[in-house]
Amino acid sequence: MKPITGPRCAACYSPLDMRIPRCTLPIFLLLAGLETGSLSAQTNAAPHLEKRGSATQLIVDGKPFLILGGELHNSSSSSLAYMKPLWPQLAAMGLNAVVTPLSWELVEPIENKYDFTLVDGLLAQAREAHERIVFLWLASWKNGMSSYAPVWVKQDTKRFPRVVVKGREIELLSPASSTTQQADARAYTALMQHIQQVDAQDHTVLMIQVENEVGVLGDSRDRSAEADRVFNSPVPAELTRYLKAHHDTLYPRLRELWDANGAKTSGTWPEIFGNTTRADEIFMAWHYARFVQAVTAAGKSAYNIPMYVNTWLAENDAQPGSFPSGGPEPWVVDIWRAAGNAIDFYAPDLYAPDFVYWCRQYHRDGNPLFMPETRGGTPGAENVFFAVGEEAGFGFSPFAIEDDMDPKQDLSTSYRAISSLAPLLLEHQASGNVHGFVLDKQHPTADFTLNGIALHVGIDEIFGHHADSGYGLIMATGLDEFLGAGRGFRVSFAQTSPTSPRIAIASIDEGTFEDGKWVPGRRLNGDENDQGSYWRFDARKVNVEKAKLYQHE
């Protein structure tokens, strides 16, 4: 049978659109419905992480979401009355998410009796202020101790055993206890079931941090009789199999330690890792990891949104126990990964001065960068540009954010500038053509290439005036066009090939984005760009600017 190729009569067309034949309208509507359904499914999907190009991004309501947030003090969110006036002030600062502590003791004050009044109140307050939440589950551990566990857990030391340090039990729950793990996991699962029931449509809750800065303080490991027995027992084959399978990609310090002891695949903890405090740390990391992976997996079975663990970072050459021994420091993240895969990523609480170094210790080997705790104020205003620009970070969250809620402070200014660029920034994170930087006297320059053009960034100076520091980010928005934001730096351009035509600055415009559309302001082609010599960002305020280049012989 030959297909009909002749003209159709007018009756075959829909009066709504004469271009669509009525005989094909059911198919058209079916396809449109499928497409609409697909888009609706994407929008209704729970928040999740997704690899997009060269970046791992947080996807919320079907689109990448950049967290410009802050973490509250530990106990602020335990009172709805205390929190009520804070939400609008946090929103006025430019925050779009708040890392919000939530303790086991308030969720399950009596065993097997759950109270979600506080959870529902925090969600209602956040929604009213148009804020999102990252809940911080303060349960078995907080800062290397167990201060937020329920009283019924604390008082029953036989059922919920504790760690022994220097010959005495301390208020630190043992990560080797299956009873404690199961109790924590039950409460956490109940919490996640409730969040799924009340928030699966709104997506106010973006992620969950499971526990807080876990590890043993005061000694390199638990010294209880049971811990001593397990320490001198065979290392689980599950761990040694992982080490063998991932030998070449293990964190260098861990690989070197294992190799130095013969890279054995069977033996006790001291036999495989040496009888040192580093072996103690690995021993504790395994037990904390097994516990937290199990709790996380239980919660995800109820509501699968991103879940992560944070880290109290060790200072250089610090001994385990002076920092929480067993937490996911970079050199033991592989131990945590060997223990399970429920945890989506590992995050640094970064107060150390070498911000760049520590970012790169966590943004590696498939681990995306999220900063749940860090310094705010001026340091935070600077560092956020590096985190989201250079390291493709999907979130930044200074601690004790309510201590300074001035909407004109430096952090707020940086947040507003980055927020205006967020859709473009997230797109360029995925394509890999954006760079961020922080400049000071010790690190006065940054060099990188975008679209085949070499950019040299330095601390700004003009007419004998020198900025003390600078920070910002730059992305390529066209073959000869660049978009930047920040303050206190200047940029020069050069071809990467000596045979290419020379390039120079055609124009520089400051401007803003309104509803995603670029609105140009002043043309900065005079002193502001040193008569065409540099693309300059004034040290007095954060600017958003576009630069265009031209070629010539």
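**Note on the cores, strands and helix packing**

1. Of the 122 residues that make up the largest nonpolar core, those touching the most other members are Phe135, Trp137, Ile208, Phe273 and Trp336. Helix α12 (residues 277-302) supplies the largest share of this core, with twelve residues. Apart from this core lies another, of 24 residues, which includes Leu450, Val457, Ile508 and Phe537. The model is a predicted one, and the points below should be read with that in mind.

2. Strand β7 (residues 97-103) is largely enclosed by the rest of the structure, because seven of its seven residues are buried. In a regular strand the side chains alternate between the two faces of the sheet. In β7 both faces are covered, with Ala97, Val99, Pro101 and Ser103 buried on one side and Val98, Thr100 and Leu102 buried on the other.

3. On the pairing of β7, strand β6 (residues 67-71) runs parallel to β7 and is joined to it over three bridges, with Glu71 standing opposite Val99.

4. A separate point concerns the open sheet formed by four strands in the order β18-β19-β24-β27, in which the pairing is antiparallel. Strands β18 (445-450) and β27 (535-537) stand at the edges with a single partner strand each, so one side of each has no neighbour in the sheet. Neighbouring strands of this sheet are turned against each other by 20° on average, direction ignored. Between β18 and strand β19 (residues 453-459) there are six bridges, in the antiparallel sense, and Asp447 has His456 of β19 as its bridge partner.

5. Helix α7 (residues 178-199) packs against α12 at an angle of about 30°, the two axes lying 8 Å apart. Because angles under 35 degrees count as roughly parallel, α7 is roughly parallel to α12, and the crossing of these helices is right-handed. Among the residues making the contact are Asp184, Ala185, Tyr188 and Met192 of α7, together with Phe291, Ala294, Val295 and Ala298 of α12.

How values were computed:
Residues are numbered from 1 along each chain as its sequence is written. This is a predicted model: local features need pLDDT of at least 70, side-chain atom pairs count only at pLDDT 80 or more; totals for chains, interfaces and linings use all residues. Side-chain values use heavy atoms; hydrogens and water are left out. A nonpolar core is a set of buried Ala, Val, Leu, Ile, Met, Phe, Trp, Tyr and Cys residues joined through side-chain atoms within 4.5 Å. Buried means under 20% relative accessible area, exposed over 50%, partly exposed in between (1.4 Å probe, protein chains only). Helices (H or I, at least four residues) and strands (E, at least two) are DSSP runs, numbered from the N terminus. Two strands pair if DSSP finds at least two bridges between them. Axes are lines fitted to C-alpha atoms, for helices over the stretch in contact, and angles run from 0 to 180 degrees between N-to-C directions. Angles under 35 degrees count as roughly parallel, over 145 as roughly antiparallel, 65 to 115 as roughly perpendicular and the rest as oblique. A crossing is left-handed if the near helix is turned anticlockwise from the far one by less than a right angle, and right-handed if clockwise. Contact means heavy atoms within 4.5 Å.
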